[in-house]
Amino acid sequence: MLSFTVILLLSLLALSVTAAASVGVLGLALAELYSPLPLANAMGELAWGSSAEFLLVAIPLYVLMGELLVCSGVAGRMYGAVSKWVSWLPGGLMNANIGASALFSATSGSSVATAATISTLALPEQRKSGYSAPLFLGSIAAGGTLGILIPPSINMIVFALIANVSVPKLYLAATVPALVLSGMFVLLIVVVSLMRPELAGERVAVTWRDRIDSLPHLLPPLGIFVLVIGVIYGGIATASESAALGVIAAFLLAWYKGALNTSTMRRAFESTMRTTGMIILITLCAFFLNFVLSSIGLTTALVDFVVGLELSPMGTMLALIVFYILLGCFMDTLAMLVTTAPLTVPIVVAMGFDPIWFGVMLILLCEMGQLTPPFGINLFVVQSIRGEGKFIDVIYGALPFCLALLAMLMILLFAPQVALWLPSQFSVS
């Protein structure tokens, strides 16, 4: 049963079957072959019950919030402001790519949206300022990965639903690793720029007056982030309710900037509908797969199999890290999350690890999957917007940032309190 599951899943991926279809077909095949009951008959009820989950409302709202900031031009002005504040660092605009990605991630929750937005804003500057193409492109792709780690992350909401853990605690657990990882990305750029000054581009002179004048463009995104996260931990609103408040704030900001018109609204809503439809379909198929796996006993069989290997907990976790790194080379990150989490979370819990901590580890591994060839989605996003040059440049530029991600994983593996300390300081559910 386990061998058939793995072979079928890999076959569907090799045939480039879409993520939702792969998950659904896998669930149907397992139900047909290994269950005496007609589990497929439960698909309608499962889809209805799952889609009624209040937490799912947060997904389209977070997507819409990010789209409004892009369409209204707030994101573009934010990038310009960040570039002024980090211009003194070696590597200049590459550090701006990381900083702007972190800020935009805090209002979009999407890695692909972050990479696409920052690519559109940054690539014209790269052509003008003489930066090394590979490292500059790599900084955009790596910065984009922060979209699924920095709260409010859509992928974390999906993981919380699958693993039945608290979203606020998961957000808290990701906060310190997200800040540390952003700092590691910046440190990497600074070190490389100092060692190879020819890669760092032209240094742009910016006065303190310029920096202060740019603050009005930097504060609105920060204000929306503080609003969305603050009401959750202040006990004022749930994650879904805070997302609604964020959308209202984004609407008001777009109106204040004079960008709230029919064209802006149409683009924002159309993009939100496409993205949300994809995510919700994958999530509903994942719920059905989870139901099938539990019904046929595959989850229990897998846990027993891993325990029977008699590996130490640390050895098991290292094996899972290697597994996810390899899987990330060939699989979309959301699909990787929804197809494997139902199998790996019980193993991790059985080994005595905290599921909240593992959630952060899994999101980091998904981040790496967005940067590893041949199917790293952020690599393709950056290259498609670039529209010229060799794809290999983006791959080369992203590889150093993969090492930073691997270092962050090792930090969390051997010092789990980096993720677990902050949740322990708050009484949230």
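**Reading terms from a structure**

Mentor: The buried residues of helix α18 are covered by elements that include α7 (111–129), α8 (133–145) and α19 (391–414). Please keep in mind that this is a predicted model.

Trainee: Which residues of helix α18 are called buried?

Mentor: In helix α18 (residues 377–386), they are Asn378, Leu379, Val381, Val382, Gln383 and Arg386. Gly387 follows α18 and has a positive phi, near 70°.

Trainee: Why is Ser101 called buried?

Mentor: The term requires a relative accessible area under 20%. Ser101 has a relative accessibility of 0%, so it counts as buried. This residue lies in helix α6 (residues 92–108). Apart from neighbours within four places in sequence, Ser101 is in contact with Ala96, Thr114, Ile118, Gly143 and Gly144.

Trainee: How do you know that the buried residues of α20 line one face of the helix?

Mentor: First, the buried residues of helix α20 (residues 417–424) are Ala419, Leu420, Leu422 and Pro423. Viewed down the axis of α20, they fall within an arc of 160°, so they line one face of the helix. Those buried residues pack against α10, α17 (355–369) and α19.

Trainee: How many aromatic pairs does the structure hold?

Mentor: The structure holds six aromatic pairs. One of them is formed by Trp85 and Trp208.

Trainee: Why is the pair of Trp85 and Trp208 called edge-to-face?

Mentor: Two rings pair if their centres lie within 6.5 Å, and planes over 60 degrees apart count as edge-to-face. For Trp85 and Trp208 the centres are 5.6 Å apart, with 75° between the planes.

Trainee: Why is Trp208 called exposed, and what is Trp85 called?

Mentor: Exposed means over 50%. Trp208 has a relative accessible area of 56%, so the residue is exposed. Trp85 has 26% and is therefore partly exposed.

Trainee: Where does the charged end of Arg211 sit?

Mentor: The charged end of Arg211 sits over the ring of Trp208, 4.8 Å from the ring centre.

Trainee: Which residues have the most contacts inside the largest nonpolar core?

Mentor: The largest nonpolar core has 145 residues, and Tyr62, Phe159 and Trp357 have the most contacts inside it. Helix α10 (residues 167–195) gives the largest share of this core, 12 residues. Leaving aside neighbours within four places in sequence, Trp357 is in contact with Met317, Leu412, Leu413, Pro416, Ala419 and Leu420.

Trainee: Why is Asn164 called exposed?

Mentor: With the cut-off at over 50%, the 70% relative accessibility of Asn164 makes it exposed. Asn164 lies in the loop between α9 and α10. Its phi is near 60°, a positive value in a residue other than glycine.

Trainee: What is omega for the peptide bond from Pro151 to Pro152?

Mentor: Omega is near 0°, and the peptide bond from Pro151 to Pro152 is cis. Pro152 is in the loop between α8 and α9 (154–163). Most residues other than glycine have a negative phi, and most peptide bonds are trans.

Key. Residues numbered from 1 in each chain as written. Predicted model: local features only at pLDDT ≥ 70, side-chain atom pairs only at ≥ 80, totals over all residues. Heavy atoms only, no water. Phe/Tyr/Trp six-rings, centres within 6.5 Å; stacked < 30°, edge-to-face > 60°. Buried < 20%, exposed > 50% of the residue type's maximum accessible area, 1.4 Å probe, protein only. Lys NZ or Arg CZ within 6 Å of the ring centre and 35° of its normal. Core = buried A, V, L, I, M, F, W, Y, C linked by side-chain atoms within 4.5 Å. Helix = DSSP H or I, 4+ residues; strand = E, 2+ residues; numbered from the N terminus. Contact = heavy atoms within 4.5 Å. Arc of directions from axis to C-beta.
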